[in-house]
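I opened my notebook to record what I looked up in this structure, entry by entry. The model is a predicted one, and I kept that in mind throughout.

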Amino acid sequence: MDFSGISPLLNVLPQSHRIISWSLKMYVVESKGGAIVCMLLALLFLGTWPAVLTLLERRGRLPQHTYLDYSITNLLAAVIIALTFGEIGKGTPTAPNFFTQLSQDNWPSVLFAMAGGVVLSIGNLSTQYSLALVGLSVTEVITSSIIVVIGTTMNYFLDDKINRADILFPGVGCFLIAVCLGSFVHASNTADNKEKLKSLSTEATGFSMDKETLTNDVRESDVENGSGSAEKARAGTAGFLIELENRRSIKVFGKSTIIGLAIAFFAGICFSLFSPAFNLATNDQWHTLKKGVPHLSVYTAFFYFSVSCFVVGIILNIIFLYHPILNLPKSSLKAYLSDWNGRGWAFLAGFLCGFGNGLQFIGGEAAGYAAADAVQALPLVSTFWGILIFGEYRRSSRKTYILLVSMLFMFVVAVGLLMASSGHRK
């Protein structure tokens, strides 16, 4: 495709006003404004896909089946980006197109990209289980805050300090406060739910809060009367919590919240490494490429990144089909292939995550990967979906609401500071 007729028109604009460069070499985001647009879209996409996975888990679909479907479209998103944006325009020796780079001797950068995909896949897989154990909002708060505290600091130094440190690091501090508040929110909400269940237990049995007794009592007294279905139970009530437990695939009653929080922290550490690895893949700060070999474009790096993410996700979930964790039932490849219940939603989650990650990297290449970590304010989006769709925090205590609002406020401040710290890569 020849865009030479368009390039002169765009070149008369100051660089700060250009959102995209349509030059002959490649489709590239160059301005701070264009980078922020990419970050905001990534924020929406990356905050929505975990809600889709949560929806399927709460409907009873096995997480192994969901993740296998998700992995397919997550890779497909990277292929689409590479074959479109990565091939627009005529390649140059310093900025070759996607297919040209596939045959070049750039394996050190490719390995960095693939390492980033490996840790992202492990983090996403861990997140899927943490979402069930500690909830959508708290999982996203913990993982996102760890990403910013560790990953953003690493990216700041890898990017040769192009971001304003006096703005960036106060934003990192706000994220750190948010993760502490997120833990407090979860503890408070867990205590609220225990009080609700205790109240139901006293009314139904008069003496115990045994998990099995509670489940049976709600089944017999509510479901048979038509008032206990998941759709009719009022969000935030004890009956709603019991019905959710009966239907969902990952049972959470009786499981220690420490396990869920530990999984969330582990996922956060994995996530904190994928962006610095991708940064190294596209900018070669450690000078691992041979002289004269061009850096990987963001599109080529994202392709390799997504391939490794796909391979790891497929291998681990096939293992989990036959050797499940958290007392999930065993499954098989045959059962997976025949399970079309919710498959479309799982495909959608993969596309959202794939395009969200791609937009984050495109914005990071333009304005610095430290600033692009502003997309880790995705708990703002996830919490919205959690409250709107899943009834999280309904009928909770005043203490829980105060902590929740404080947590979200810190995220708003943090994302504003990180975006304000954006620089311009030379």
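Entry on D339. I looked up how accessible D339 is and found a relative accessibility of 17%, so D339 counts as buried, since the cut-off for that word is under 20%. I then checked its side chain, which meets the side chain of R61 in a salt bridge with an N to O distance of 3.2 Å. This pair links distant parts of the chain, for D339 lies in the loop between α12 and α13, R61 lies in the loop between α2 and α3, and the two are 278 residues apart.

Entry on R61 and its partners. Which other residue did I find meeting R61 in a salt bridge at 2.8 Å? I noted D69, whose side chain meets that of R61 at this N to O distance. I wrote down that D69 is buried because its relative accessible area is 0%, and that R61 is buried because its own value is 4%.

Entry on R248 and E57. I counted six salt bridges by the rule used here, and another that I looked up is between the side chains of R248 and E57, at 2.8 Å from N to O.

Entry on helix α3. I checked the length of α3, which runs over residues 63–84: at 1.5 Å a residue its 22 residues should span 32 Å, and the end C-alpha atoms are 32 Å apart, so the two values agree. I also noted that α3 is mostly covered, with 16 of its 22 residues buried.

Entry on the nonpolar cores. The largest core holds 96 residues, and those that touch the most other members are M39, W49, F278, F305 and F361. I followed F278 and, leaving aside residues up to four places away in sequence, found it touching V298, A301, F302, F305, F361 and Y369. A second, separate core has five residues, among them A51, L55, L131 and F390.

Entry on α15 and α16. These helices pack at an angle of about 145°, with their axes 10 Å apart. On the α15 side I listed P379, L380, T383 and I387, and on the α16 side L404, M407, L408, F411 and V412. Of the residues in this contact, eight are nonpolar, one is polar and none is charged.

Conventions: Residues numbered from 1 in each chain as written. Predicted model: local features only at pLDDT ≥ 70, side-chain atom pairs only at ≥ 80, totals over all residues. Heavy atoms only, no water. Helix = DSSP H or I, 4+ residues; strand = E, 2+ residues; numbered from the N terminus. Expected span 1.5 Å × (residues − 1). Buried < 20%, exposed > 50% of the residue type's maximum accessible area, 1.4 Å probe, protein only. Core = buried A, V, L, I, M, F, W, Y, C linked by side-chain atoms within 4.5 Å. Contact = heavy atoms within 4.5 Å. Axes fitted to C-alpha atoms, helices over the stretch in contact; angles between N-to-C directions. Nonpolar A, V, L, I, M, F, W, Y, C, P; charged D, E, K, R; others polar. Salt bridge = Lys/Arg side-chain N within 4 Å of Asp/Glu carboxyl O.
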